[in-house]
Amino acid sequence: MIRVLLVDDHPVVREGIRGMLSAEPDLDIVGDAGSGPEAVVRVAALAPDVVLMDLRMPGGDGAEATERIRAEHPGVHVLVLTTYDTDTDILRAVEAGATGYLLKDTPRAELADAVRSAARGETVLSGRLAGKLLTGVRQRTEPEGPALSPREVEVLRLAADGLTNAAIGRALHISATTVKTHLMRVYEKLGVGDRTSAVSQAIRRGLLPEK
């Protein structure tokens, strides 16, 4: 038997899910909870195999509860079941350690199969949500804006040290006009309009060390 804990802040929803899954001979609904913190307590008391976790709940959301459950009970798998399908929500849940992510309009048979897969530690994600997750990951990992060239970083580093264009030119053996051209390109790439903003933006992006 696969022991399942239901977590949702709406009692009617919990009863509906219980009714859907109770007909499955291999699924045992061992309890429920109405909030994230309560879910953490119930997991410790009931030792379920799978937690069906709502995402947005008062008193502590599902992602926070998922992270705690996975940290304190690594053998328990969390399957998010929610109405929210935004990239941010999906990514937060997966980063928190959720085994899968389903929407509440998932058919009963598919939901039951997803619980079984989650109990085996398999990732459960519909094709549409998988695409959203991939988009979110790409947005997190892609660099912000065009990359600076090594020469542009060098010019900006010297500008951060307070050197004038002429002094930077002497240090790099280039003309002050060329230095100005490099800085203008840096401003454009970083989306700023002056040296101070460029240096601050470059430090924020890790292009220059903090002073």
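Trainee: Which residue in E3 is the bridge partner of Val 7?
Mentor: Met 53 is the partner of Val 7 there. Keep in mind that we're looking at a predicted model.

Trainee: And how many bridges hold E1 and E3 as a pair?
Mentor: Four bridges, with strand E1 (residues 2–7) and strand E3 (residues 50–53) pairing in the parallel sense.

Trainee: What's the strand order in the whole sheet?
Mentor: The order is E2-E1-E3-E4-E5-E6, six strands in an open sheet with parallel pairing. Strand E2 (27–33) and strand E6 (124–125) are at the edges, and each has a single partner strand, so one side of each has no neighbour in the sheet.

Trainee: OK, helices. Which strands does H2 lie across?
Mentor: H2 lies across E1, E2 and E3, and its direction is at about 140° to E2.

Trainee: How does H2 sit against H3, parallel or perpendicular?
Mentor: The axes of H2 (residues 36–46) and H3 (residues 62–72) cross at roughly 20° and come within 9 Å. Angles under 35 degrees count as roughly parallel, so that's what we call H2 and H3. The crossing of H2 past H3 is right-handed.

Trainee: Which residues make that contact?
Mentor: From H2 you have Gly 36, Ala 39, Val 40 and Val 43, and from H3 there's Ala 65, Arg 68, Ile 69 and Glu 72. By class, the H2 contact with H3 has five nonpolar residues, one polar and two charged.

Trainee: Now H1 and H5. What angle do they pack at?
Mentor: About 80°, with the axes of H1 (residues 11–22) and H5 (residues 108–119) 10 Å apart. H1 and H5 are therefore roughly perpendicular to each other. H1 brings Ile 17, Met 20 and Leu 21, while H5 brings Arg 108, Leu 111, Ala 112 and Val 115. That contact has six nonpolar residues, no polar ones and one charged.

Trainee: What about H7 and H10, left-handed or right-handed?
Mentor: The H7 and H10 crossing is left-handed. H7 (residues 150–160) packs on H10 (residues 195–204) at an angle of about 115°, with the axes 10 Å apart. That makes H7 roughly perpendicular to H10.

Trainee: And who touches whom between H7 and H10?
Mentor: Leu 156, Ala 159 and Ala 160 in H7 meet Arg 195, Ala 198, Val 199 and Ala 202 in H10. The class count for H7 with H10 is six nonpolar, no polar and one charged.

Trainee: Last topic, confidence. What does the chain average for pLDDT?
Mentor: It averages 86, and 88% of the residues score at least 70. Residues 134–139 have pLDDT below 50, and beyond near neighbours in sequence that stretch makes four contacts in the model. Where pLDDT is low, the predicted coordinates should not be read in detail.

Terms used:
Residues numbered from 1 in each chain as written. Predicted model: local features only at pLDDT ≥ 70, side-chain atom pairs only at ≥ 80, totals over all residues. Heavy atoms only, no water. Axes fitted to C-alpha atoms, helices over the stretch in contact; angles between N-to-C directions. Helix = DSSP H or I, 4+ residues; strand = E, 2+ residues; numbered from the N terminus. Parallel < 35°, antiparallel > 145°, perpendicular 65-115°, else oblique. Left-handed = near helix turned anticlockwise from the far one by under 90°. Contact = heavy atoms within 4.5 Å. Nonpolar A, V, L, I, M, F, W, Y, C, P; charged D, E, K, R; others polar. pLDDT = per-residue confidence, 0-100. Pairing = 2+ DSSP bridges.
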